[in-house]
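Please look through the structure below with me before reading on. My comments are set out as numbered points.

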Amino acid sequence: MRDIAVVATAQSPAIRKEERRNEVEILMPVVHDLRKRAGLKQEDIGFTVSGSCDYLQGQAFAFVTALDAIGPWPPIDESHVEMDGAWALYEAWTRLQYGDIDTALVYSFGKSSPGDIRRILSLQLDPYYLVPLWPDTVAMAALQARALLESDGVTEKDLAEVVSRSRKNAKDNPNAQLSGDVDVDTLLKEPMYLSPLRKHDCPPITDGAAAVILAADDRARELTDRPAWIRGIDHRIEPHSLGVRNLADSPSTRTAGEKAGVGNGNVDVAELHAPFSHQEIILKRALGLGDNVNVNPSGGALASNGVMVAGLQRIIEAADRIMAGQADRAVAHATSGPALQQNLVAVLEGEK
Amino acid sequence: MAEHAEGTIIERPIRLDYEYTAGLAQSRFLKGIAEGKIIGEKCPVCGKVYVGSRGSCPTDGVPTEGEIEVPAKGTLTTFCVVNVQFAGQSVETPYASGYILCDGADIALMGLVQEVPIEEVRMGLRVEAVWADELGPTLNSIKYWKPSGEPDADYETFRHHL
């Protein structure tokens, strides 16, 4: 296996509703900024891959028009996944393993505001049994939260603590959408939204973009002083039907975490893609992370949740802390689908 | 619901509504159209003028710049004749639809070609816009294109814009 590292990252500020710029106009400055940071031109990059969802835009092949932001001339080696950008990063990591190229550009973008995001995401469900009922993302997350609250000692106060910490951490994240000091008691006085979830237990609606440069071996050391080496990366999926899952647990995250080697060393920082507060608790348990781990120092997806972007952002936030020397070993997690259906886990390390 | 020999067909209507954001560049173009002007934008790297720019040069991946008005007059670079009626069709068949390359632009606009017998529609035909009575931020503001009476354009002048 070749050693692959994150060597540069860029992201747009999270915005509730980007009313002036289209997707290409949001993405372009992020990609320009990224390439500038890495000191690379598009022609220096061996492989380019994106993660996005055409349903967000309501336009077929919207991901192809996004290439207008990249400058794919002379022709580039390019790919796309209809998934969060974290899975695009996985494809880039796999592509770099071939050994014939040393750099890859990964980007993701998404405006969640143009349509009704809850209805749009319903269409990723089983088309025969679930889609006709239009169960929305929040309702399915609420089912999961209820399953968790009824299963053991987890209380609504635990959920509020996740939210309070997310908002507090997000104060240090210039790209975050929701931040501030909110105490647990105040949060618990808020009315129920979709019981047992309160509105603050749910993610904001976010428009934004993010991008990463990966590089292999010595090329990574050339491009940055302290690359964030991907020591393990794995993704797993739960059964499609919600009814056959134990929603209070995340076996796929557990397996992905084991395969990625989360438990092989001390974890300084974990960036977990938990759009709903209770999901952070499920993920933390599945990954075996103790209370000494700094979870979601960026504020996580509760602070800004660009659909298709927020998972890649977890890898970015983890990698940034390694590259800045603030952490030696970090775990990044991304999710996709309803109620944590698909999960990707990466372990990142700085050079000793 | 309809019975089927080996199963049942269910109808599952799906509808999603979107609030479309044209973007900065396309908004400039559409505002121009509402004033009876065709506004292009130039790529600072390759110099191409995009009419209906989405905000970037798709070749170079950089923002297009400047509002460059191009005349509502140009060359029909290629066309097709529609002979088949379909639902929602607003024009009587047969009719010609084609690419119109405005003078000074590097990308063609699509439009109807009328006021000319179908058999006389040809590549290189010089055309000018016939604007609708009421203009708005939509390409419906150009009702169609008609021959301008100028001599046909030489193929070499538009061979890269087919």
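This is a predicted model: local features need pLDDT of at least 70, side-chain atom pairs count only at pLDDT 80 or more; totals for chains, interfaces and linings use all residues.

1. Residues are numbered from 1 along each chain as its sequence is written, and chains are lettered from A and ligands numbered from 1 in the order in which they are written.

2. The largest nonpolar core has 118 residues, and those touching the most other members are Leu27(A), Val106(A), Ala211(A), Leu214(A), Ile315(A) and Leu348(A). Here a core is a set of buried Ala, Val, Leu, Ile, Met, Phe, Trp, Tyr and Cys residues joined through C-beta atoms within 7 Å, and a residue is buried if 20 or more other C-beta atoms, placed from the backbone, lie within 10 Å of its own, exposed if 12 or fewer, and partly exposed in between. Because domain 1 (4-116 + 205-228) and domain 2 (136-202 + 229-349) of chain A both give residues to this core, it lies between them; the domain bounds come from an automatic or database assignment.

3. Helix α4 (residues 85-97) and helix α12 (residues 310-323) of chain A have axes that come within 5 Å and cross at roughly 65°, the axes being lines fitted to C-alpha atoms over the stretch in contact, with angles from 0 to 180 degrees between N-to-C directions. Helices (H or I, at least four residues) and strands (E, at least two) are DSSP runs, numbered from the N terminus. Gly85(A), Ala86(A) and Leu89(A) of α4(A) meet Gly311(A), Leu312(A) and Ile315(A) of α12(A).

4. How many residues of strand β11 (residues 329-336) of chain A are buried? Eight of the eight are, so the strand is largely enclosed by the rest of the structure. Strand β9 (residues 269-271) of chain A runs parallel to β11(A) and is joined to it by three bridges, whereas β12 (residues 342-349) of chain A runs antiparallel to β11(A), with eight bridges between them; strands pair if DSSP finds at least two bridges. Glu271(A) stands opposite Ala332(A) in β11(A), and Thr335(A) opposite Asn343(A) in β12(A).

5. Turning to chain B, 21 of its residues are in contact with 23 residues of chain A, contact requiring C-beta atoms, placed from the backbone, within 7 Å. Chain B itself is divided into domain 1 (20-70) and domain 2 (71-162), whose C-alpha centres lie 20 Å apart.

Key: Two residues are in contact if their C-beta atoms, placed from the backbone, lie within 7 Å.
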